[in-house]
Amino acid sequence: MFQKVWKDISSGNIAPVYVIAGQETYFIDETMKRLKEKLQAQGELDLMTYDLEEHLVDEVIDEADTIPFFSDKKLVIAKNASFLKATEKGKEKLPHDLKKLERFLQFPSDTSVTVFIAPYEKLDERKKVTKQMKEHALYLYAETPKERDLAVWVQNEVTAREATISDAAVERLIELVGMNMLHLQSEIDKLALYVANNQEMIMPALVEEMVAKTLEQDVFKLLNAYIRGDRSTALAIYHDLLRQKEEPIALVALISSQVRLMSNVYYLLSKGYHPQQISKQLKVNPYRVKRIVEDRGQITEQQLLDALYGLGEVDLQLKTMSGNRARFLEFFLMKPIGYRLR
């Protein structure tokens, strides 16, 4: 849908009113960028932005109905259209004149382009204003593509930068970065620039080297090394995190959260869920779930329970005992799973 709308904008076929719902900021930002560029090409752009959590929608409509000074059309952006989502009765922040908005939608200004942005997962389909928006405006829903479609998008973005990338590198990139398309785009820019001179294909090793690691990824590696009995790797990662000024108590919380995630994944697998269903059920990166599933043969449910019990003891020590705080988690990582701290 967005590709078609972008093509229409490029050809000058611009709607008077847009409504963009959803939480994928890449599609929202890219649509706004293309609208601005096209309208700027027609002359100096009158651009007005309103936050509908602070301003009444009445002000947006009045602005849209005002003739622009410097160009044929002005661009009016109305962010956080919270009146489109479900709200507890009597808790609406501002008294928006939705009747006025409904009239405007039926007879929009021909001298302005108005964009309502509702960055929410769901709109309240029961509301009359939501139905009016969908009926009279050009409605778009910004959501992250499914796993396979996202991989195709990454390939296309790399190709657009005159570079190439292997399928394994695409998978590793999404695994490291996550599903955030703006962040992915930034990392793609960096990788494509790096290989621009020698025209080499982007491979998993380059992705590993170039893409900044997140704390969650380091914790995942630490936990897997610990469960495998690879104490030297687990301790090396832990000491590196300490050098980065990470707090032991925060690391314990993150490791415990990862253990619980792994336990939940294995439980849903035992109930017959597929990895994609698990990803949706737990609302986590599908590549993260895939990695956990791949390591399933190396980890038992009892090991996870033992790890969680031991982390609970470390958490208690960190909160009740004095001394070298870093040593409590270090001691835990040096002992095999099942060992009880005393």
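**Helix α4 and its surroundings**

Me: What do the buried residues of α4 pack against?
Reply: They pack against β1 (17-22), α3 (57-65), β4 (112-118) and α5 (128-136). Keep in mind that this is a predicted model.

Me: OK, and which residues of α4 are the buried ones?
Reply: In α4, which spans residues 98-106, the buried ones are L101, E102, F104 and L105. Looking down the axis of α4, they fall within an arc of 160°, so they line one face of the helix.

Me: Why would residues a few places apart point the same way?
Reply: An α-helix has 3.6 residues a turn, so residues three or four places apart point the same way.

Me: Which exposed residues sit on the face of α4 turned away from the buried side?
Reply: That face carries K99 and R103, both exposed.

Me: And what caps the N-terminal end of α4?
Reply: D97 does, with a side-chain oxygen 3.4 Å from the backbone nitrogen of K99.

Me: Switching to the core. How many residues are in the largest nonpolar one?
Reply: The largest nonpolar core has 47 residues, and Y18, V115, L173 and I202 have the most contacts inside it. A second, separate core has 36 residues, including V219, Y226, L251 and L318.

Me: What does V115 touch, skipping residues up to four places away in sequence?
Reply: V115 touches Y18, I20, M32, L35, L75, V76, I77 and A78.

Me: V76 makes me think of strands. Which way do β2 and β3 pair, parallel or antiparallel?
Reply: β2 (residues 46-51) and β3 (residues 74-79) pair in the parallel sense, over six bridges. In that pairing, M48 stands opposite V76 in β3. The chain gets from β2 to β3 through α3, and this β-α-β crossover is right-handed.

Me: New topic: is A151 buried or exposed?
Reply: A151 counts as buried, because its relative accessibility is 18% and the cut-off for buried is under 20%. A151 is part of helix α6 (residues 147-160).

Me: What's in contact with A151, leaving aside neighbours within four places in sequence?
Reply: V170, I174 and Y287 are. As for R288, it is 137 residues from A151 along the chain, and their C-alpha atoms are separated by 15 Å.

Me: Last one. Is E330 buried or exposed?
Reply: E330 is buried, with a relative accessible area of 10%. You'll find E330 in helix α16 (residues 325-334). Leaving aside neighbours within four places in sequence, E330 is in contact with L235, Y238 and H239.

Definitions and conventions
Residues numbered from 1 in each chain as written. Predicted model: local features only at pLDDT ≥ 70, side-chain atom pairs only at ≥ 80, totals over all residues. Heavy atoms only, no water. Core = buried A, V, L, I, M, F, W, Y, C linked by side-chain atoms within 4.5 Å. Buried < 20%, exposed > 50% of the residue type's maximum accessible area, 1.4 Å probe, protein only. Contact = heavy atoms within 4.5 Å. Helix = DSSP H or I, 4+ residues; strand = E, 2+ residues; numbered from the N terminus. Arc of directions from axis to C-beta. Polar contact = N/O pair within 3.5 Å; in protein donor to acceptor, adjacent residues only side chain to side chain. Pairing = 2+ DSSP bridges. Right-handed = clockwise from strand over helix to strand, strands pointing away.
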